[in-house]
Amino acid sequence: MEFLTNDKLVIVGAGGAIGSVMVQTALTMRLTPNVCLYDVYAPGMIGVMEEMFHCGYDGVNLTATTDVAEAFKDAKYIISSGGAPRKAGMTREDLLAGNCAIAKELGENIKKYCPDLKHLLVIFNPADLTGLVALLYSGLKPSQVTTLAALDSTRLQSAIAKKFGVKQYEVTGCATYGGHGEQMAVFGSAVKVAGKPLNELIGTDACTAEDWEQLKVDVTQGGAKIIELRGRSSWQSPAYCSVEMIRAIMGGEKFRWPAGTYVNNEKYHNIMMAMDTTLDTNGCTYKVPAGTPEELAKLDASYEHLCKMRDELVTLNIVPAISEWKGINPNL
């Protein structure tokens, strides 16, 4: 079986739980033989390296390093999970200052060591803000940087499937937009359950209006539920979905879910958030999602929440005022 590309893929945070699964998933999908593991913690990274060797993958050229210059040299794709994980009792927003400082360094290293990078995918929380900061300091184009937002949509699909007792693939049209956090906008108007519009099922004995409202709350707190059940934040689902994203950008199978992308249009300004996106070899393109007035109002509220966090980054001196961004990254 051939590889999708020979371009170098770097997994940042490869020694961690998410990073290790990303490495294995990328190799299993045969994305590229040239996968570089990068982590500041050498023992964990080398342990992952050894595990991959023990899997016996054919034709791969695995490398591992704690030197960012070596890791990023000639890189064409980077997936970064290299931030602090969310712990019990924490929201994604609680990670704002520390992880955005890490994202700033990530962007600066890309500009310094691999300015010809094709695509950066940022998945450490709060992903909307870490992705925005990395984009600003990397000098990349908005189409070249995305964040992981798919988990909210897959959690919605899973919750609806369980509610109606159907297979997960029988639930279609699931999407959440805006921020990857508890202020996300859950869109249900395009959802079908085994071919039946969800809107026709809400308000019946199968799913009362109160049930639907609770289901949306459960989706927004899906990450917290994983922490409650497993004692730490999600790792398998973000790893898998993020590698699916890079596969689509490499020219592989279509990515089915919304991605976080830089948005600057007549309504939403200078923000990273989930939109109705397409990922392909041109990077990420988007359109504002269609929805009911109520859903679009939720999207507006999510945007306002993200703006408050973005403005907090200015106060923290992690990013300058928006008026100065173009001087750092002319592509914005």
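A salt bridge, as the term is used here, is a side-chain nitrogen of Lys or Arg within 4 Å of a carboxyl oxygen of Asp or Glu. Keep in mind throughout that this is a predicted model.

With that definition in hand, select Glu244, Arg247, Glu253 and Arg256, which are linked in a network of salt bridges. Within this group, look at the pair Arg247 and Glu244, whose side chains meet in a salt bridge with an N to O distance of 3.5 Å. Both residues belong to helix H10 (residues 236-249), where they sit three residues apart, about one turn of the helix. Are these two residues buried or exposed? Both Arg247 and Glu244 are buried.

For another pair, move to helix H9 (residues 222-230) and select Glu228 and Lys225, which are three residues apart in this helix and therefore separated by about one helical turn. Glu228 forms a salt bridge with Lys225, and the closest N and O atoms are 3.4 Å apart. Colour the two by accessibility and you will find that Glu228 counts as exposed, at 60% relative accessibility, while Lys225 is partly exposed, with a relative accessible area of 42%. Side chains of opposite charge can pair when their charged atoms come close. A further example to select is Asp74 with Lys73, a salt bridge in which the closest N and O atoms are 3.1 Å apart. How many salt bridges does a search of the whole structure find? The search finds ten.

Next, select strand S4 (residues 75-80), in which five of the six residues are buried, so the strand is largely enclosed by the rest of the structure. Strand S1 (residues 8-12) pairs with S4 in the parallel sense over five bridges, and here Leu9 has Tyr77 of S4 as its bridge partner. S4 also pairs in the parallel sense with strand S5 (residues 119-122), over four bridges, and the bridge partner of Ile79 in S5 is Leu121.

Centre the view on Leu37 and show its surroundings: leaving aside residues up to four places away in sequence, its contacts include Ile11, Val23, Met45 and Leu62. In soluble globular proteins, nonpolar side chains tend to be buried together.

Definitions and conventions
Residues are numbered from 1 along each chain as its sequence is written. This is a predicted model: local features need pLDDT of at least 70, side-chain atom pairs count only at pLDDT 80 or more; totals for chains, interfaces and linings use all residues. Side-chain values use heavy atoms; hydrogens and water are left out. Contact means heavy atoms within 4.5 Å. Buried means under 20% relative accessible area, exposed over 50%, partly exposed in between (1.4 Å probe, protein chains only). Helices (H or I, at least four residues) and strands (E, at least two) are DSSP runs, numbered from the N terminus. Two strands pair if DSSP finds at least two bridges between them.
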